[in-house]
Amino acid sequence: MRQNGERWRAPYATDPAACRGRLIAEAASPTRSDFQRDRDRIVHSTAFRRLKHKTQVFVHHEGDHYRTRLTHTLEVSQIARALARALGLDEDLAEALALSHDLGHTCFGHTGEDALDACMAEHGGFDHNAQALRIVTRLERRYAGFDGLNLAWETLEGLVKHNGPLLTPDGRPTPRYAAAGIPAAILEYNSVNDLELSRFAGPEAQGAALADDIAYDSHDLDDGLRAGLFDLADLAEVPFLKGLLDEIERLHPGLETSRRVHELARRVITRFVEDVIAESGRRLEALAPASVADIRGAGAPVIAFSEPIAEADAAIKRFLYARMYRHPGVMAVRARAAQIVADLFAAFCADPARMPEEWSAGLAGAEEGRVRRRIADYIAGMTDTYAVLAHRKLFPETPDLHWSPESRGLPLAEP
């Protein structure tokens, strides 16, 4: 089915013509679908621009070639569109979901999230998915008629369910939220705009979540090799990667290291993407969905890895966790970054007026939980650079986040 010159859309795709609408009604655009408008609003948001200087793994000043949250997001978007196009899904919705999936991340990556979660332990904690929802429904203040971006129901559903349903069919939190419970921000919004938290998201959201996995598996291997945290020989610990390296050596014997690294990264992406397309095709054929409602009601993901590639994905993540995310040098920087976040939080709790006026306004005499959530919102929006500068203004000494691992001979610029 083709509409307005768009590419082929399968009957089980999310149809913008049947969009469930926005919380605050708006006139339709004569030139763009609802999902195109959502994508554009996300790209023009302040939170999206801030991703440029937010950590992926390495703090931004370690090198111009390491990924940031923004470059990661763009890679996810490219893969999500490729999956959507191959499977006949709505490419604009897939792109909007990919572009928005990390809006709620803090400065210093998962380190900042963990630090803020600890600071907010007695007041609902901190979850980057819930923060992304707060940003697009409350914290962005750009439009005359509403706070947030007033995104379509389908975009919000995919954003909240990036990791799958939040509730089991009988209404209990899924394992991810079993200990801490569903974040309050999600429950609060869901009470006024039901996102059907116990059902799976549409196929575009399922594809965008896999695109996230594919992108960071590939680029974290690339960044880890560039940083010298491990070398190509170490990757033989992962059978899937060993097979790719053997293939590269067979086809291109004696290839220089930098080109071998790139050949590996592109093969990881290609094999994973091709697997998702093939496995999803098998699941779609078995399910024979007549509409997107059949995808949501399937009771299991329909856009998915095959079992062998799911194991390869898990093996890569185990390798990266041990050799990169928990590398002593990375952990040392993480500890110093966490200290910056904790110090800022304590300083603003002691005197909220230390925050800019637009953030401190109305907090005099406010309930403690409200004050702390406002402080968490402010710190979460900081870039790495801004957080360091804010700390320097408030404290006589600021932890040094520089850690320059030795490159294993990978060029930092084209010859």
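Trainee: What distance does helix 6 (residues 128-139) span between its end C-alpha atoms, and what would a straight helix of twelve residues span?

Mentor: Happy to! This is a predicted model, in which local features need pLDDT of at least 70 and side-chain atom pairs count only at pLDDT 80 or more, while totals for chains, interfaces and linings use all residues. Residues are numbered from 1 along each chain as its sequence is written, and side-chain values use heavy atoms, with hydrogens and water left out.

Now to your helix. Between its end C-alpha atoms, helix 6 spans only 14 Å, whereas a straight helix of twelve residues would span 16 Å at 1.5 Å a residue. The expected span is 1.5 Å times one less than the number of residues. Helices here are DSSP runs (H or I, at least four residues), numbered from the N terminus. Helix 6 is also mostly covered, with ten of its twelve residues buried. Buried means under 20% relative accessible area, exposed means over 50%, and partly exposed is in between (1.4 Å probe, protein chains only). Among the buried residues of helix 6 are His128, Leu133, Arg134 and Ile135.

In one of them, phenylalanine 240 and phenylalanine 272 have ring centres 5.3 Å apart and planes at 45 degrees, so the pair is tilted. Distant parts of the chain are linked by this pair, as phenylalanine 240 is in helix 10 (residues 239-251) and phenylalanine 272 is in helix 11 (residues 257-287), 32 residues apart. Both phenylalanine 240 and phenylalanine 272 are buried. Elsewhere, ring pairs join Phe348, Trp359, Tyr378 and Tyr386 into a cluster.

Rings can have charged neighbours too. A charge sits over a ring if NZ of Lys or CZ of Arg is within 6 Å of the ring centre and within 35 degrees of the ring normal. Arginine 20 has its charged end over the ring of tryptophan 153, 3.8 Å from the centre. Likewise, the charged end of arginine 41 sits over the ring of tyrosine 143, 5.1 Å from the centre.

Because they are four residues apart in helix 11, about one helical turn separates glutamate 279 from arginine 283. Glutamate 279 counts as buried because its relative accessibility is 12%, whereas arginine 283, at 30%, is partly exposed. Glutamate 256 and arginine 259 form another salt bridge (2.9 Å, N to O).

In total there are 37 salt bridges. One joins glutamate 91 to arginine 85 (3.0 Å, N to O). Here glutamate 91 is buried, with a relative accessible area of 8%, and arginine 85 is partly exposed at 43%. Both belong to a network of salt bridges that links Arg32, Arg39, Asp40, Arg81, Arg85, Glu91, Asp92 and Glu95.

Terms used:
Phe/Tyr/Trp six-rings, centres within 6.5 Å; stacked < 30°, edge-to-face > 60°. Helix = DSSP H or I, 4+ residues; strand = E, 2+ residues; numbered from the N terminus. Salt bridge = Lys/Arg side-chain N within 4 Å of Asp/Glu carboxyl O.
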